[in-house]
Amino acid sequence: MCYVSYAQRNFVLTEGYIIFLFTTIFATDLFEILKQTGLVARGVLALLLMFSVISWAMIFQKLGVFGRIRRQSDQFLRIFRATRGVANPQALATAGSPFSTVYAAGYRELQSQVGGSTANPHPPKLKSLQAVTVSMQLAAADEVRRVEKGMSWLATTGSVTPFIGLFGTVWGIIDAFSGLGSAGAASLRAVAPGIAEALVTTAAGLAAAIPAVIFYNQFLQNIRDLAQRLDTFALEVSAQIEKAFN
């Protein structure tokens, strides 16, 4: 039993050492390759780094926005559906939720039609329910547009950076074969370092593009879900208003 335990610990230590060794070698080789890259390749890598940094900043910002919207919206809907009739928006709290903005837009239109007498036990007839619904739909569209800000950058990063990296690779290969022709040495050993340097830009382009595409698709689905829920909520509020004022 002691031998098995000792063997397991020894295996874990050996595995950790191997991983550390390969990581160190990879980082060293990559650093050496980057030191040998030309001016064009370095410019391409700097451009890809800029795309990647801005994209990750946008990704973290959007993750925070959607998480906050989810929490505030769930709280607002829970309070709204527990409230009877058409309540004042200030009584529902959670002012940061898109649902609260949509509801406030419909409530303002409602007050403009009934003269702010929503608390009257015999309120006047509603002039136009469609106007209230349109006001909420316009507010919902504004909220969706607000959430969509920055999505174009992720789409651009996902579609453009692979081609930027490919440009750096093609340029590096051309430079490598040009140097091979000048040296007059027709061997793979002579051209391999230049090709390896060139392929780094393709890897960098893919490293910038893949996260942008993944999170763009996820955020796009979140935006579609939000738009659908806001439209459904506008219809729900319209139904409540119609029951209360007709």
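This is a predicted model: local features need pLDDT of at least 70, side-chain atom pairs count only at pLDDT 80 or more; totals for chains, interfaces and linings use all residues.

User: Thanks! How many helices and strands does the protein have?

Analyst: The secondary structure comes to six helices and zero strands. Going along the sequence, the pattern reads α-α-α-α-α-α.

User: And what share of the residues is buried?

Analyst: Of the 246 residues in the protein, 33% are buried.

User: Now contacts: if I take pairs at least 6 apart in sequence, what percentage join residues at least 24 apart?

Analyst: That comes to 75% of those contacts.

User: Let's look inside. How many residues are in the largest nonpolar core, and which have the most contacts there?

Analyst: The largest nonpolar core holds 37 residues, and Tyr103, Phe233 and Ile241 have the most contacts inside it. Two or more residues each come from helix H2 (39–82), helix H3 (98–114), helix H4 (129–148), helix H5 (151–183) and helix H6 (188–245).

User: Which of them gives the largest share?

Analyst: That's H6, with 11 residues of this core.

User: You mentioned Phe233. What does Phe233 touch, leaving out residues up to four places away in sequence?

Analyst: Phe233 touches Phe76, Leu77, Phe80, Phe99, Val102 and Tyr103.

User: Let me follow up on Phe99. Where is it, and is it buried or exposed?

Analyst: Phe99 lies in helix H3. Its relative accessibility is 1%, so Phe99 counts as buried, the cut-off being under 20%.

User: Nice. Switching to helix packing: at what angle do H3 and H4 pack, and how far apart are their axes?

Analyst: The angle is about 150 degrees, and the axes are 8 Å apart. An angle over 145 degrees counts as roughly antiparallel, and that is why H3 and H4 get that description. Their crossing is right-handed.

User: Which residues make that contact?

Analyst: From H3 there are Pro98, Thr101, Val102, Ala105, Gly106, Glu109, Leu110 and Gln113. H4 brings Ala131, Val132, Ser135, Met136, Ala139, Ala140, Glu143 and Arg146. By class, the contact has nine nonpolar, four polar and three charged residues.

User: Great, on to H5. What can you tell me about Leu154?

Analyst: Leu154 is placed in helix H5 and is buried, with a relative accessible area of 1%. Beyond its neighbours within four places in sequence, Leu154 is in contact with Ser55, Met58, Ile59, Ala212, Tyr216 and Phe219.

User: And how far is Leu154 from Ile214, C-alpha to C-alpha?

Analyst: Those C-alpha atoms are separated by 9.5 Å, while the two residues are 60 apart along the chain.

User: Last one: is Thr157 buried or exposed?

Analyst: Thr157 counts as buried because its relative accessibility is 0%, under the 20% cut-off. Thr157 also lies in helix H5. Leaving out neighbours within four places in sequence, Thr157 is in contact with Phe51, Ser55, Pro162, Ala208, Ala209 and Ala212.

Notes: Residues are numbered from 1 along each chain as its sequence is written. Side-chain values use heavy atoms; hydrogens and water are left out. A nonpolar core is a set of buried Ala, Val, Leu, Ile, Met, Phe, Trp, Tyr and Cys residues joined through side-chain atoms within 4.5 Å. Buried means under 20% relative accessible area, exposed over 50%, partly exposed in between (1.4 Å probe, protein chains only). Helices (H or I, at least four residues) and strands (E, at least two) are DSSP runs, numbered from the N terminus. Contact means heavy atoms within 4.5 Å. Axes are lines fitted to C-alpha atoms, for helices over the stretch in contact, and angles run from 0 to 180 degrees between N-to-C directions. Angles under 35 degrees count as roughly parallel, over 145 as roughly antiparallel, 65 to 115 as roughly perpendicular and the rest as oblique. A crossing is left-handed if the near helix is turned anticlockwise from the far one by less than a right angle, and right-handed if clockwise. Ala, Val, Leu, Ile, Met, Phe, Trp, Tyr, Cys and Pro count as nonpolar, Asp, Glu, Lys and Arg as charged, and the others, Gly among them, as polar.
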